[in-house]
Amino acid sequence: PFQSLLRKILKPNVNTRKLVVEEGGFLYDSDAYSDDLPYWTMDYGEKKPHLIVPYTLSENDMRFAIPNGFSHGSEFSRFLKDSLRYLVEEGKRGSPKMMSVGLHCRLVGRPGRAAGLEDFLDYAESFGDDVWICRRDEIAKHWYKHHYPEGLGGAPAVNEMSTHMKSSL
């Protein structure tokens with residue numbers, strides 16, 4: 001029953017992205033699990049790129065709530081550390097990636113689980129400049145500034161986006 005409910009909750013509506021783009025003013029959306037890096041779509045307007053910052057179900061504390069998921073904070077931490085180490089090595093070989101970590105206060109916010117998150121964050125910080133710990137809106141602003149599609153005029157200024165754009169978290 002839980003997995004059936006989870007599938008219904010996570011199943012995207014075919015109109016969601018179209019409505020987000022048509023409504024306008026959104027910096028990005030995360031209704032995708034299809035890539036390791038943010039990407040642009042032009043599906044709903046030839047001159048209006050829309051940024052997708054993919055989400056993840058693997059590096060996600062929801063795995064505390066599903067069968068065969070994480071049973072304690074140290075499992076969560078170990079999994080995140082292994083993932084980060086692997087991605088940093090890929091980046092050093094010329095193929096950088098984004099590691100998204102899904103967090104929910106009611107799950108990872110429990111004391112034993114929070115200790116695992118704290119352990120992971122300490123580990124991530126030990127990489128120094130090789131790892132940027134940030135929020136999704138910061139990733140989106142970076143993507144607008146450094147990876148805006150060519151041939152569509154300049155990207156909106158980052159400062160303008162912070163006051164006029166809405167994040168879709």
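Two residues are in contact when heavy atoms of theirs lie within 4.5 Å of each other. The model discussed here is predicted. Leaving aside neighbours within four places in sequence, Leu-84 is in contact with Met-99, Phe-120, Tyr-123, Ala-124, Phe-127 and Val-131.

**Nonpolar cores**

- In soluble globular proteins, nonpolar side chains tend to be buried together.
- The largest nonpolar core has 12 residues in all, including Phe-64, Phe-70, Phe-76, Leu-80, Leu-84 and Val-88. Val-108, Leu-117, Phe-120, Ala-124, Phe-127 and Val-131 also belong to this core.
- Helix 3 (73-92) and helix 5 (111-125) each contribute at least two residues to this core. The largest share, four residues, is supplied by helix 3.
- A second, separate core contains 11 residues, among them Tyr-28, Trp-40, Ala-140 and Trp-143.

**Tyr-123 and its surroundings**

- Tyr-123 is located in helix 5.
- Apart from neighbours within four places in sequence, Tyr-123 is in contact with Lys-81, Leu-84 and Arg-85.
- Although 38 residues separate Tyr-123 from Arg-85 in sequence, their C-alpha atoms are 9.5 Å apart in space.

**Salt bridges**

- How many salt bridges are found in the whole structure? The search finds 10 salt bridges.
- An α-helix has 3.6 residues a turn, so residues three or four places apart point the same way.
- Glu-22 and Lys-18 form a salt bridge through their side chains, at 2.7 Å from N to O. Because these two residues are four residues apart in helix 2 (residues 16-23), Glu-22 and Lys-18 are separated by about one helical turn. Lys-18 is partly exposed, at 33% relative accessibility.
- Asp-82 and Arg-78 are also joined by a salt bridge, with their closest N and O atoms 3.1 Å apart. Asp-82 and Arg-78 lie four residues apart in helix 3 and are therefore separated by about one helical turn. Asp-82 is partly exposed, at 31% relative accessible area, and Arg-78 is partly exposed at 42%.
- In a further salt bridge, the side chains of Asp-137 and Lys-141 meet at 3.9 Å, N to O. Since Asp-137 and Lys-141 are four residues apart in helix 6 (residues 136-147), about one helical turn separates them. Asp-137 has a relative accessible area of 13% and is therefore buried, the cut-off being under 20%.

**Helix 6**

- The buried residues of helix 6 include Arg-136, Asp-137, Ile-139 and Ala-140. Lys-141, Trp-143 and Tyr-144 of helix 6 are buried as well.

**Cysteines**

- A search of the whole structure finds zero disulfides.
- Is Cys-105 buried or exposed? Cys-105 has 71% relative accessibility and therefore counts as exposed, the cut-off being over 50%.
- Cys-134 has a relative accessible area of 26% and is partly exposed.

Key. Residues numbered from 1 in each chain as written. Predicted model: local features only at pLDDT ≥ 70, side-chain atom pairs only at ≥ 80, totals over all residues. Heavy atoms only, no water. Core = buried A, V, L, I, M, F, W, Y, C linked by side-chain atoms within 4.5 Å. Buried < 20%, exposed > 50% of the residue type's maximum accessible area, 1.4 Å probe, protein only. Disulfide = S-S within 2.5 Å. Salt bridge = Lys/Arg side-chain N within 4 Å of Asp/Glu carboxyl O.
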